[in-house]
Amino acid sequence: MKPAFELTPFALLRIVTGLIYIPHVLFKFQAFDMLLGYFAKVGLQPALFFLILAMITETAVVIGLTFNILTKWLGLASTGTMMFAAYTTLFTKGEFVWTWNKGGIEYIFLLGFVSFIIAWEAWRQEKAEYGRYFFLWPKKA
């Protein structure tokens, strides 16, 4: 019988990736007004909608990746969120900057890429275990 939870390297990567989002979410709550102006400046209109969408998405990613809930979808949501973050970072710089210590997208890219791998692996595991994909989660027999 397969255990309900097994701490594999993949599970550890998924959990750590989810937990990495906690400071992102907290920052958005603490600097809401500043970020509202930033989102408007980089062209995400209406800024309030995109800021709330980012807060909801990142909160869902924390919960989902940490506790293995809808991992296949939330990994993709994380990837998309990091694509927007990369866009806004490059927009404010006005040029391509890679390294994180110069305000570049290196960290953003890594988080988005790892999130994509997590989603990919979740889809692969579902197919391997059940022989097919499910929209949300597998139905219990």
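Me: Which residues of α5 are buried in this model?
Reply: In this predicted model, the buried residues of α5 are I108, L111, G112, V114, S115, I118, A119, E121, A122 and E126. What covers them includes α1 (9–30), α3 (47–67) and α4.

Me: How do you know that the span of helix α5 agrees with its number of residues?
Reply: Helix α5 runs over residues 106–130, which is 25 residues. At 1.5 Å a residue it should span 36 Å, and its end C-alpha atoms are 36 Å apart, so the two agree. After α5 comes G131, with a positive phi near 80°.

Me: Why is T89 called buried?
Reply: Buried means under 20% relative accessible area. T89 has 14%, so T89 is buried. This residue belongs to helix α4 (residues 71–93), and T89 touches Y38, G103, G104, I105 and I108, leaving aside residues up to four places away in sequence.

Me: Why is the pair of Y130 and F134 called edge-to-face?
Reply: Ring centres must lie within 6.5 Å to pair, and planes over 60 degrees apart count as edge-to-face. Here the centres are 5.6 Å apart and the planes stand at 90°, so the pair is edge-to-face. F134 is buried, at 10%, whereas Y130 is partly exposed, at 36%.

Me: What makes K72 count as lying over the ring of W123?
Reply: K72 lies over the face of W123, at 4.5 Å from the ring centre, and the distance limit is 6 Å.

Terms used:
Residues numbered from 1 in each chain as written. Predicted model: local features only at pLDDT ≥ 70, side-chain atom pairs only at ≥ 80, totals over all residues. Heavy atoms only, no water. Helix = DSSP H or I, 4+ residues; strand = E, 2+ residues; numbered from the N terminus. Buried < 20%, exposed > 50% of the residue type's maximum accessible area, 1.4 Å probe, protein only. Contact = heavy atoms within 4.5 Å. Expected span 1.5 Å × (residues − 1). Phe/Tyr/Trp six-rings, centres within 6.5 Å; stacked < 30°, edge-to-face > 60°. Lys NZ or Arg CZ within 6 Å of the ring centre and 35° of its normal.
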